[in-house]
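Subject: Structure handover

Hello,

Here is the structure, with sequence and coordinates. My notes on what turned up in it follow below.

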Amino acid sequence: MTIIVADTTCGLPRDLLKQRGIPLIPQVVTFGDQSYHDDKDLDIATFLSKLKASSTLPKTAAPEPSLYFPIFEEAKKKGESVIVVAPTGKASGTVRSAETAAQDFQDVNICVVDSQTISCNLGSLVLVADDMAKEGKCADEIVAKLNTLIPRGRLYFVVDTLEYLAKGGRIGGAKKLLAELLEIKPILQVKDGQIEPFEQQRTKKRALACLVDVVAESCKGGEDAHLCMLQVEAYKEAEAMVRELKSRVPVSNIPIYDLPPAIVVHVGPKAMGVGFFV
């Protein structure tokens with residue numbers, strides 16, 4: 001048996017992870033001098049309230065290596081392998097944290113996979129890995145499958161406000177003001193493990209329509225498509241987009257996942273988007 005380990009940046013529902021028996025590692029969010037683990041210390045409602053009230057952007061940090069120790073200890077006792085499916089190492093220190101923890105367990109077969117992505121696509125990779133583990137596939141087979149999917153991932157965000165990108169230093173104040181005056185809604189993408197600009201549209205409605213067109217053109221369905229939505233404070237909009245996608249893409253099930261705090265810090269409330277594999 002192979003244990004699949006996720007962390008909160010995957011955005012998968014806690015009930016689903018608990019039902020599947022997938023261990024969940026938290027990210028760290030710090031407001032001022034107070035740090036929180038986002039799996040139990042900080043639910044999304046509390047986080048959003050604190051985020052909107054804060055004049056400065058909170059900081060995020062990767063989980064401490066020690067958080068992996070109980071999982072690795074359990075695997076050692078049972079003689080099991082472990083695969084940590086981690087968010088992109090170019091935007092998070094989670095890969096490094098898990099690898100540091102693994103150094104203390106040289107006699108356990110531990111593989112840390114840099115997914116080169118975040119949010120719902122990371123969640124899809126976690127579920128693929130867990131399905132294969134439950135089918136009795138060995139760790140090498142699971143890692144090989146993930147490595148075929150990773151470069152085929154496509155992930156796009158529509159940002160409702162530029163406030164948080166400005167606070168994080170990703171754009172200047174003058175650019176933020178001009179974009180707001182022109183009602184520009186930027187679309188971001190995860191490309192080669194990094195968050196980069198993709199396109200910009202006048203109004204959020206046009207930005208979301210653009211995303212539907214991108215998905216309709218690129219996502220051809222099939223069992224490896226894993227088409228999914230991501231959102232925070234935009235569930236009704238996400239539901240409407242799912243209905244539109246189902247009318248244009250041959251995918252019957254399109255789950256909607258919440259954006260976790262460690263990502264909302266940078267993209268802000270009411271952000272939403274879509275992920276899939278070509």
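**Gln 189 and the strand S9 region**

Gln 189 is part of strand S9; helices (H or I, at least four residues) and strands (E, at least two) are DSSP runs, numbered from the N terminus. Before going further, the basis: this is a predicted model, in which local features need pLDDT of at least 70 and side-chain atom pairs count only at pLDDT 80 or more, while totals for chains, interfaces and linings use all residues. Residues are numbered from 1 along each chain as its sequence is written, and side-chain values use heavy atoms, with hydrogens and water left out.

Gln 189 has 14% relative accessibility and therefore counts as buried (buried is under 20% relative accessible area, exposed over 50%, partly exposed in between, with a 1.4 Å probe and protein chains only). Leaving aside neighbours within four places in sequence, Gln 189 is in contact with Leu 155, Tyr 156, Gln 194, Ile 195, Glu 196, Pro 197 and Phe 198, where contact means heavy atoms within 4.5 Å. Gln 189 and Glu 199 are ten residues apart along the chain, and their C-alpha atoms are separated by 8.8 Å.

**Positive phi**

Most residues other than glycine have a negative phi. Asp 192 is not a glycine, yet has a positive phi of about 50 degrees. Asp 192 sits in the loop between strand S9 (184–191) and strand S10 (194–202). With 52% relative accessibility, Asp 192 counts as exposed.

Glu 233, also not a glycine, has a positive phi of about 60 degrees. The loop between strand S11 (228–231) and H10 holds Glu 233. The relative accessible area of Glu 233 is 34%, so this residue is partly exposed.

**Aromatic rings**

A pair of aromatic rings is described by the distance of the centres and the angle of the planes. The structure holds seven aromatic pairs. For the criteria, rings of Phe, Tyr and Trp (its six-membered ring) pair if their centres lie within 6.5 Å; planes under 30 degrees apart count as stacked, over 60 as edge-to-face and the rest as tilted.

One of the pairs is Tyr 68 with Phe 72, which is stacked, at 5.8 Å centre to centre and 25 degrees between the planes. Tyr 68 and Phe 72 are both buried. Phe 72 also pairs with Phe 105: the ring centres are 5.6 Å apart and the planes stand at 75 degrees, so this pair is edge-to-face. Phe 72 has a relative accessible area of 0%, and Phe 105 is buried at 6% relative accessibility. Ring pairs join Tyr 68, Phe 69, Phe 72 and Phe 105 into a cluster.

Elsewhere, Lys 50 lies over the face of Phe 31, at 5.1 Å from the ring centre. A charge sits over a ring if NZ of Lys or CZ of Arg is within 6 Å of the ring centre and within 35 degrees of the ring normal.

**Around the ring cluster**

Which residues does Ile 110 touch, not counting residues up to four places away in sequence? They are Phe 72, Val 82, Ala 102 and Phe 105. Ile 110 is in strand S7 and is buried, with a relative accessible area of 17%.

Ala 102 lies in helix H4 and is buried, with a relative accessible area of 16%. On the same exclusion, residues up to four places away in sequence, Ala 102 touches Phe 72 and Ile 110.

**Helix packing**

Helix H5 (residues 119–134) and helix H6 (residues 139–149) have axes that come within 10 Å and cross at roughly 150 degrees. Axes are lines fitted to C-alpha atoms, for helices over the stretch in contact, and angles run from 0 to 180 degrees between N-to-C directions. H5 and H6 are therefore roughly antiparallel to each other (angles under 35 degrees count as roughly parallel, over 145 as roughly antiparallel, 65 to 115 as roughly perpendicular and the rest as oblique).

Regards
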